[in-house]
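Here are my notes on the model you sent over, as numbered points.

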Amino acid sequence: MSLFALAGCGPLDRDAPLPSEQDGVAAEVSATPRALSTVAYRSGSTATGKSITSLSITKPTGTVAGDVLLAHLVNRNNVAAVATPPAGWTLLRSDQSASQLKSWVFYKVATASEPASYAFAIDLASYMAGSISAFSGADTANPIDAQSGQKNGTTASFDTPAITTTTANGVAVWFGAQIWTGAACPASPIVPPAGFTEPFDTCLVSSSTGLLFNAAYKDLGVAGAQPAFNGSSPYAQTNTAQVVALRAANASSSCGVGDTFATTYTTQGTVTATAIVEPSGLAASRLTPGVLYVHNEDTTAIVAISTTDASTLGTFNVSNVTPADWEDVATGPCPTGKCIYMGDIGRSSANFPTPPSTFAVYRIPEPNLGAGQTSGSLTAQAFPFQYPDTPKDAETIMVHPTTGDIYIITKSYAGASKVYKFPQPLPAPGTLSTLVFVSDLQLPTTTDTNYAAATSGNIHPCANRFLLRTYR
């Protein structure tokens, strides 16, 4: 068995004209440049359309190579829809209500030869709205420092989960979207969080299936925990709110935890939770500081323990899953904010009558221990997968701390591991994915083959390196 964890550490410019009520696509472009000390907003563009399967959004005015582009896409009444971005764009997150509203955020770093517009496809014809915002001065190699978002029910509050940044002098970019019914856009549909500058705030007009949407941004100072960036609206209607923190170019990372390897260790305590009988992995909570999640290889129990003294902080049961061979656990971003990812990825468990050819990762919203959620059932979403070549034995799952990419690393006693990842955007739960091969990974070998077998791993919170554990 293996145990592993890596704990990381103004004024509004109104847009005009408004989209018309006729079917088709309407587009507009806005630009509100402002001099910032680090990352600077360059310009933005918006587009809307009705009953469409593709929304084209104009490249923001003045975009140059090295600018970071953030695309915000919203659809109405088709939350099962899957959005496919143009080549070069990466999905950051999606948030949705039960039936009325779904919002996506994508990003890309502009090259020297960008098209005049970008067509975002969707598999279910929908009323859609979208925007692209361009920023200069961000880190082109690793522009996303942190992100979060959520859907808010029938309310006038646009709340987002708090984020923690790892570098100083970045910029927070905030997106709001809300359902709307009306013959015209309201005068001030969405109010961004305090201190944010809002370059555009507009709508898709419809008497029954309209949308309000905006973007706003704010300079960030020192790295660390940021306040929850919450906006509002005059209307108590279903909405989504999402925030992305852009990392400034040449910013030094404040991620220092886990940077050096220690040859000694300190015993913090003893895990006494009776639900833990065959521990197989550890993962640091991204929602509650000082918490590690522990799981068994073949049961549905997940236990939260304290990093201070290993005491039990919560015990949970995943109610809708029968694990076959849960080998590893990770935590990372997800559409609901922060999630636990369980890797049902092994091939040697006695639960298998024959070795499997398909596997699964289960995504589970983190329980809110700080709010008193310390027991009960958790519900998982299944993401089944197969390898692009032949079935593999694996015991390592890693989730990128900002993009949410899910990685699987195979286990080989010869050290010849392979790295795969899930496709992006992530298919709908229950849809079989074929993993994408990333790289061969040769681990060091000795006369003891246990040194070479990868059994767990994690990506550093700074998102620029990862750590693997073997049997030795």
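1. C334 and C339 are both buried, where buried means under 20% relative accessible area, exposed over 50% and partly exposed in between, with a 1.4 Å probe and protein chains only. These two cysteines form a disulfide with their sulfur atoms 2.1 Å apart; a disulfide here is a pair of cysteine sulfur atoms within 2.5 Å. The link of C334 and C339 is right-handed, with 75° about the S-S bond.

2. A word on what you are looking at. This is a predicted model, in which local features need pLDDT of at least 70 and side-chain atom pairs count only at pLDDT 80 or more, while totals for chains, interfaces and linings use all residues. Residues are numbered from 1 along each chain as its sequence is written, and side-chain values use heavy atoms, leaving out hydrogens and water.

3. How many disulfides does the cut-off give? The count comes to 2 disulfides, and the bonded cysteines, counted along the chain, follow the pattern 1-2, 3-4. C185 and C203 form a disulfide too, with 1.9 Å between their sulfur atoms. The torsion about the S-S bond of C185 and C203 is about -95°, so this disulfide is left-handed. C185 lies in the loop between β10 (171–182) and β11, and C203 in strand β11, so the pair ties together parts that are 18 residues apart in sequence. C185 counts as buried at 13% relative accessibility, and C203 is buried with a relative accessible area of 0%.

4. Strands and helices are DSSP runs numbered from the N terminus, with at least two residues (E) for a strand and at least four (H or I) for a helix. In β11, 8 of the 8 residues are buried, so the strand is largely enclosed by the rest of the structure. A hairpin of 1 residue joins β11 to β12. The strands β11 and β12 (residues 206–219) pair in the antiparallel sense over 6 bridges; strands pair if DSSP finds at least two bridges between them. Within β12, L212 is the bridge partner of C203.

5. Where does β11 sit in its sheet, at an edge or in the middle? The open sheet has 5 strands in the order β8-β14-β10-β12-β11, with antiparallel pairing. Its edge strands are β8 (144–158) and β11 (197–204), each of which pairs on one side only. Neighbouring strands of this sheet are turned by 15° against each other on average, direction ignored; the axes are lines fitted to C-alpha atoms (for helices over the stretch in contact), and angles run from 0 to 180 degrees between N-to-C directions.

6. Another open sheet has 4 strands in the order β24-β25-β26-β28, also with antiparallel pairing. β24 (394–399) and β28 (436–442) stand at the edges with a single partner strand each, so one side of each is left without a neighbour in the sheet. The twist averages 25° from one strand to the next. Strand β26 (residues 416–421) is joined to β28 by 6 bridges, and the two run antiparallel. V419 stands opposite S439 in β28.

7. Now the packing. The largest nonpolar core has 20 residues, and those with the most contacts inside it are L73, W89, F106, F120 and I132; such a core is a set of buried Ala, Val, Leu, Ile, Met, Phe, Trp, Tyr and Cys residues joined through side-chain atoms within 4.5 Å. β2 (40–58), β3 (68–76), β6 (101–109) and β7 (117–136) each supply at least two residues of this core, with the largest share, 6 residues, coming from β7. Apart from this core lies another of 19 residues, among them V39, Y41, F135 and F175. Leaving aside residues up to four places away in sequence, L73 touches L55, A83, K102, W104, F106 and F120, among others, contact being heavy atoms within 4.5 Å.

8. Finally, the chain overall. The protein chain has 0 helices and 30 strands, and 54% of its 472 residues count as buried. Its accessible surface comes to about 18,300 Å², of which 53% belongs to carbon and sulfur atoms; the areas come from the Shrake-Rupley method with a 1.4 Å probe, and for residues only the protein chains shown count as cover.
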